[in-house]
Amino acid sequence: MVRRSASAGGSRWWYLLLLLPFVATLLPPIYNRATPALAGLPFFYWYQLAWVVVSALITLLVYALTPERPEARGTERGKGR
Amino acid sequence: MNTTAIVVFLVLFAFVTVLGFYASSWRRGDLSVLHEWGLAGRQLGTFITWFLLGGDLYTAYTFVAVPALVFGAGALGFFAVPYTIIVYPFVFAVLPRLWSVAHAKGYITAADYVKARFESRGLALAVAVTGILATMPYIALQLVGMQAVLQVLGITGTGFLGRDLPLIIAFAILAVYTYTSGLRAPALVAVVKDTLIYITIIAAVILIPAHLGGFGHIFALSQAHLKSLPKPGSTLLAPKAYAAYATLALGSAVALFFYPHALTAVFSTSSRQVVRRNAAFLPLYSLMLGFIALLGYMAIAAGVHVPGTDTNLAVPLLFQKEFAPWFFGLASAAILIGALVPAAIMSIAAANLFTRNIYKEYFAPGATPQQEAGVAKVVSLVVKLGALVFVLGIPLQFSIYLQTLGGIWILQTVPMIVGSLYTRWFHRSALLLGWLVGMVVGTAMAASVQFKSSLVAVFGVLGYAGIWALILNLAVVVVLTLALNAARVHNGVDATADADYEADSVTA
């Protein structure tokens, strides 16, 4: 049986947060610098490594803010025909 | 030749071999039907999927080639990090819709989906052929990663057989357990592979910089070394490389999940929520990839010299130099098993595509699920054999060129797959022609730089050929769709319904 995952509260607008990692990482001029260094790592490197974590947290936040509640929808589950 | 390293390596290899064969009875299903063999019964949960996708996308070749690029060129090689950052917000937003419609309708491949969405065999064939073409050289490159490890371990001898026999044996074992266990084998082996990889990388990132005098010192040495190269590099980007860096990251990120091996893993999950959750948890691998990229600089600072221009040996040689022998054995096993997992999934994905969208579509329309599975199993063997012949018989550079082209090609299927998830506005003939234009132009662009790179200057801006071709592809699609829709040309019957794109399984 297939269920429909209706959004259970939570606005779809939260998805716009997912654009932040694109802006932060696809514009190299904003981070292509050696300083300030962190533990010997030039800014260029630790900034991008930090965004791996920040981006994951943003995705997790959007996941939490847009819960999906399965609702019954009476069709047969079509397993690989 | 180091006996301790080789013994540790062989023990770990034997262990995953046993695991691969045992996998056929794990979460037992009827392996004689295709969705059980080729999608592990669509029942993988969050935890196993995390390992499976991680093992699938972050391949041995990645572990060897990304630091090799940093080792040889500097900052540009770090594009793998923004690439694997932005891929997950994209996946989170887009892939659940594709998962849902595939689940609701029982699709096994992306080609199944476009065929039903547009009532178009042409589009389905385009997706299937592109997927198979892009996957073959990718499998070949996994063998290259394995070869680098075997060579540094000193297992390989001399002469044709001595040099290639270990590789052939490892691959033959993989082929047999993929045949018997299907997708269950790489799913289980991936857990071992990634555990070993995480142990190796955490140790490398803690031990090696301390031994080499800290990251500050490593970067100072690297900068000096890169400047002195015949083709100078740098630990920072040159301004003229900004567009190249950004378009490589964007193009690679958009293409990644439309490779057949990525979609096969996504379709094998048990619910839409598993896909959403994994988009949030998979970045842990990206963090690891970032540190792996830095291994390229560590290799420079450690004074690793590669024979000729074979930068792929930089990381295995660094490990050999810096690690105790037993740990070097473990690290080698991690990389080698890291090649087996994606190679298995890729061959299964190519087999699924061939079986569903070429064999069943054009040769045996009445094939039962049992016949499908039988064909897919044989095709998975043929695909691996083809990759092996490729690696042994054709210069390595050729596989790398083809894999570069593969990324450009996969991007050209994105308009028909992603675009159609949101709207039925696009016309099927426009999508097919846009794809064709993108394929031809993308290939021609790569040819114009002798396939040596995927970077091409357009109007003076150096950027990723895949993105340039995609822009042209989209332009053709939009203009022709406007024209065809205005002329009221029939656009096929849609076999899917709006609700299918939000469907979830009961167990969610």
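A: We start with chain A and the side it turns to chain B, and then look at some spots in chain B.

This is a predicted model, in which local features need pLDDT of at least 70, side-chain atom pairs count only at pLDDT 80 or more, and totals for chains, interfaces and linings use all residues. Residues are numbered from 1 along each chain as its sequence is written, while chains are lettered from A and ligands numbered from 1 in the order in which they are written.

Chain A contains two helices and two strands (DSSP runs numbered from the N terminus, with at least four residues of H or I for a helix and at least two of E for a strand). Followed from the N terminus, these elements come in the order β-α-α-β. Chain A has 81 residues, and 30% of them count as buried (20 or more other C-beta atoms, placed from the backbone, within 10 Å; exposed means 12 or fewer, and partly exposed is in between). Among contacts in chain A with a separation of 6 or more, 75% are between residues 24 or more positions apart (a contact means C-beta atoms, placed from the backbone, within 7 Å).

Now to the side that touches chain B. Here 39 residues of chain A are in contact with 49 residues of chain B. Which elements of chain A give two or more residues to this side? They are strand E1 (2-7), helix H1 (20-25), helix H2 (43-65) and strand E2 (68-75). H2(A) gives the most, with twelve residues. Sorted by class, this side of chain A has 24 nonpolar, nine polar and six charged residues (Ala, Val, Leu, Ile, Met, Phe, Trp, Tyr, Cys and Pro are nonpolar; Asp, Glu, Lys and Arg are charged; the others, with Gly, are polar).

Although A:Ala39 is not a glycine, its phi is positive, at about 50°. A:Ala39 counts as exposed because it has 9 C-beta neighbours inside 10 Å.

B:Arg488 lies in the loop between helix H21 (465-486) and strand E3 (503-505) of chain B. With 7 C-beta neighbours inside 10 Å, B:Arg488 counts as exposed.

Strand E1 (residues 455-458) and strand E2 (residues 461-464) of chain B run antiparallel, joined by four bridges (strands pair if DSSP finds at least two bridges between them). B:Leu455 has B:Tyr464 in E2(B) as its bridge partner. Two residues lie between E1(B) and E2(B) in this hairpin, and B:Phe459 in the turn has a positive phi of about 50°.

Next, see how helices of chain B pack. Helix H12 (residues 260-267) of chain B meets helix H16 (residues 325-363) of chain B at an angle of about 90°, with axes 8 Å apart (axes are lines fitted to C-alpha atoms, for helices over the stretch in contact, with angles from 0 to 180 degrees between N-to-C directions). So H12(B) is roughly perpendicular to H16(B) (65 to 115 degrees; under 35 is roughly parallel, over 145 roughly antiparallel and the rest oblique). On the H12(B) side, B:Pro260, B:His261, B:Thr264 and B:Ala265 take part, and their partners in H16(B) include B:Pro342, B:Ile345 and B:Met346. This contact has nine nonpolar, three polar and no charged residues.

The axes of helix H11 (residues 242-256) and helix H18 (residues 396-411) of chain B come within 9 Å and cross at roughly 70°, which means that H11(B) is roughly perpendicular to H18(B). B:Gly251, B:Ser252, B:Val254 and B:Ala255 in H11(B) meet B:Gly407, B:Ile410 and B:Leu411 in H18(B). The residues of this contact are four nonpolar, three polar and no charged.

Finally, look at B:Val274, in helix H13 (residues 272-281) of chain B. B:Val274 is buried, with 23 other C-beta atoms within 10 Å. Leaving out residues up to four places away in sequence, B:Val274 touches B:Gly45, B:Thr46, B:Thr49 and B:Thr269. The C-alpha atoms of B:Val274 and B:Phe47 are 8.7 Å apart in space, although the two are 227 residues apart in sequence.

Key:
Contact = placed C-beta atoms within 7 Å.
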